[in-house]
Amino acid sequence: MGGRMGVIRRGSDVTSHVSASKCAAGPPCLQHFSVIRSIGRGAFGKVCIVQERKTKKYFALKYMNKRRCIEKGVAANVIRELTLLSKISHPFIVNLWYTFQ
Ligand SMILES: Nc1ncnc2c1ncn2[C@@H]1O[C@H](COP(=O)(O)OP(=O)(O)OP(=O)(O)O)[C@@H](O)[C@H]1O
């Protein structure tokens with residue numbers, strides 16, 4: 001997905017996610033998921049439910065336009081959020097499962 005990055009989260013109400021043959025065994029990428037439907041929108045990204053082709057589990061995928069984040073001066077904030085989420089495990093905070101771009 002050129003110019004965009006995806007963040008895979010697993011939320012309390014969205015639990016479960018592919019494998020396009022070429023990258024089935026590789027690192028997570030958009031081709032590993034089927035997009036089900038849009039569920040939300042934030043200041044710099046959109047969120048949709050996706051299903052992992054291999055496991056059939058559903059996740060919330062947040063995707064954003066990298067150029068727009070840079071132009072608006074929020075890239076550092078996005079990276080800070082990702083860094084924090086990757087270290088946090090709490091029942092009241094969405095868990096970060098994968099990131100890719
Ligand atoms: N894991 C999730 N499960 C269900 N819905 C979600 C999940 N993550 C995000 N959403 C929905 O998508 C919306 C946008 O989320 P997003 O994280 O992009 O923005 P935000 O945190 O609300 O605001 P900001 O853009 O300022 O960070 C949320 O308000 C929520 O409705």
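I take a nonpolar core to be a set of buried Ala, Val, Leu, Ile, Met, Phe, Trp, Tyr and Cys residues joined through side-chain atoms within 4.5 Å, where buried means under 20% relative accessible area, exposed over 50% and partly exposed in between, with a 1.4 Å probe and protein chains only.

I note that this is a predicted model, in which local features need pLDDT of at least 70, side-chain atom pairs count only at pLDDT 80 or more, and totals for chains, interfaces and linings use all residues. Residues are numbered from 1 along each chain as its sequence is written, and side-chain values use heavy atoms, with hydrogens and water left out.

**Entry on the cores.** I looked up the largest nonpolar core and found seven residues, namely Met 64, Cys 69, Val 74, Val 78, Leu 82, Leu 85 and Leu 96. Helix α2 (residues 75–87) gives the most to this core, with three residues; helices (H or I, at least four residues) and strands (E, at least two) are DSSP runs, numbered from the N terminus. A second, separate core has six residues, among them Cys 48, Val 50, Leu 61 and Phe 100. For Val 74, I set aside its neighbours within four places in sequence and found contact (heavy atoms within 4.5 Å) with Phe 44 and Cys 69.

**Entry on strand β3.** Glu 52 lies in strand β3, and I asked which side chain of opposite charge is nearest to Glu 52. That side chain belongs to Lys 57, 6.5 Å away, and Glu 52 is buried yet has no salt bridge, which would need a side-chain nitrogen of Lys or Arg within 4 Å of a carboxyl oxygen of Asp or Glu. Lys and Arg count here as positive and Asp and Glu as negative, while His and the chain ends are not counted. The side chain of Glu 52 does make a polar contact with the side chain of Thr 55 at 2.5 Å; such a contact is a pair of N or O atoms within 3.5 Å, and within protein one must be able to donate a hydrogen and the other to accept it, residues adjacent in sequence counting only if both atoms are side-chain atoms. Ile 49 is also placed in strand β3, and Ile 49 counts as buried because its relative accessible area is 11%.

**Entry on two lysines.** Lys 56 sits in the loop between β3 (45–52) and β4 (58–65), and its phi is near 70°, a positive value in a residue other than glycine. Lys 56 counts as exposed because its relative accessibility is 52%. Lys 62, by contrast, is in strand β4 and is buried, with a relative accessible area of 17%.
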